[in-house]
Amino acid sequence: MPRERTFIMIKPDGVQRGLIGNIIGRFEAKGFKLVALKLTSPSKEHLETHYEDLKSKKFFPGLIEYMLMGPVVAMVWEGMNAVKTGRVMLGATNPADSLPGTIRGDLCIDVGRNICHGSDSVESANKEIALWFNDDELNNYKHHSEAFVYENVLKEEAAPALPAAPAPAAVAAPSAVKEFAPYEGEYEELVTYSDDPSLGKKCPDMSTLVAVPKGHHDEFVGVGNGKPTCLVMFAKYLKYEAFPAVEAVSAYAAELGIDSAGLLLDNKEKDAKRFVEKNPCKCDIPLFFDPGWKVKDAFSAMLNDPVTLPSFYLFDKDGTIVWRQALSGMTGNMKLDKSQFDYQIRAFVAGNPLGSHGPSGISRDDSVAGPVSQEDVFATQEVADAVW
């Protein structure tokens with residue numbers, strides 16, 4: 001069973017406020033395994049190394065001063081998807097944006113006193129663990145509760161040990177994907193019904209998009225240029241609510257060979273560039289920024305509703321939309337696996353019929369009796385560099 005390790009640190013304010021037990025308890029209750037822990041007073045040089053990617057920022061001296069206020073608790077936790085789940089458990093960097101139930105949402109108020117740190121990628125976790133712990137401080141042991149946290153643990157233990165083998169490079173046939181299951185129940189806004197207003201429409205003009213180069217996988221022929229295409233619309237400020245969608249499209253592009261791209265719909269271009277600089281998730285597709293949200297507004301007009309983020313769009317070789325899938329991220333009721341997008345994109349690439357949920361049963365009246373002003377709830381969203 002694949003496991004990850006992540007670095008979690010309780011900052012001086014969390015230690016001074018007596019929140020160590022509370023925070024540790026949450027990770028234990030989740031089912032993660034503690035493999036290293038120490039109360040330590042790091043030096044200024046050590047902290048500057050830890051936050052070296054922020055050295056050019058104006059807030060850097062204040063950040064280091066804050067971290068020198070007292071001892072910190074450094075920890076390593078192990079478990080499936082430990083890095084991403086750990087970040088979700090911590091909540092947004094600004095406690096005011098953190099959901100109730102998260103550590104920051106429940107236990108702090110001010111972004112300058114946000115009590116904890118968590119690795120933002122597997123690569124960062126490995127680097128931070130090596131900085132804070134020696135190899136002999138990392139404990140390798142089996143926890144007695146694993147069979148009650150993970151499925152098939154007992155079966156895995158019974159199987160003979162085999163050397164690790166690289167994953168097969170062959171494309172999985174659509175027939176290997178479980179059968180499409182039409183949605184049954186009351187109207188659900190994140191389900192794509194057969195009468196969805198986008199299906200069968202041509203892709204809106206996207207000539208105003210600005211490329212955000214990464215230095216790899218930046219070539220894109222565009223929608224409607226003779227090749228089937230997949231687009232993922234997302235925003236950096238959504239963080240781990242959106243990153244699984246980006247990684248999924250990157251994987252489909254590599255496995256299925258479908259032309260793909262990502263549209264970063266943050267309010268400021270600097271946030272799009274910051275996403276590339278920080279590289280918080282695997283992104284092997286071309287990226288574009290939407291100045292003035294002209295493309296997003298065109299899609300919203302087509303849908304007669306604001307664009308949901310993250311969202312997938314599939315286009316045929318002529319640029320006609322054949323499927324649209326809105327997601328709720330990692331914590332809502334329309335996660336990637338539940339959406340059955342995996343079935344749809346594989347069927348699409350193989351030239352097979354897509355699954356259908358049937359009509360929505362909702363009558364649409366797009367006529368209006370005058371100008372309508374629709375304010376996008378994300379219009380003012382912006383992520384401070386300190387988030388990273």
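Predicted model: local features only at pLDDT ≥ 70, side-chain atom pairs only at ≥ 80, totals over all residues.
A residue counts as buried when its relative accessible area is under 20%.

Twelve aromatic pairs are present in the structure. In one of them, the ring centres of F220 and F288 lie 5.8 Å apart and the ring planes meet at 55°, so this pair is tilted. F288 has 15% relative accessibility, so F288 counts as buried.

A tilted pair is also formed by F243 and F275. Here the distance is 5.8 Å centre to centre, with 50° between the planes. This pair, too, links distant parts of the chain. F243 is in helix α10 (residues 243-256), while F275 is in helix α11 (residues 269-278). The two positions are 32 residues apart. Both F243 and F275 are buried.

Some rings join into a group. F27, F32 and W77 form a cluster through ring pairs.

Charged side chains also meet aromatic rings. The charged end of K38 sits over the ring of F133, at 4.7 Å from the ring centre. K296 lies over the face of W293, and the distance to the ring centre is 4.1 Å.

Technical notes: Residues numbered from 1 in each chain as written. Heavy atoms only, no water. Phe/Tyr/Trp six-rings, centres within 6.5 Å; stacked < 30°, edge-to-face > 60°. Buried < 20%, exposed > 50% of the residue type's maximum accessible area, 1.4 Å probe, protein only. Helix = DSSP H or I, 4+ residues; strand = E, 2+ residues; numbered from the N terminus. Lys NZ or Arg CZ within 6 Å of the ring centre and 35° of its normal.
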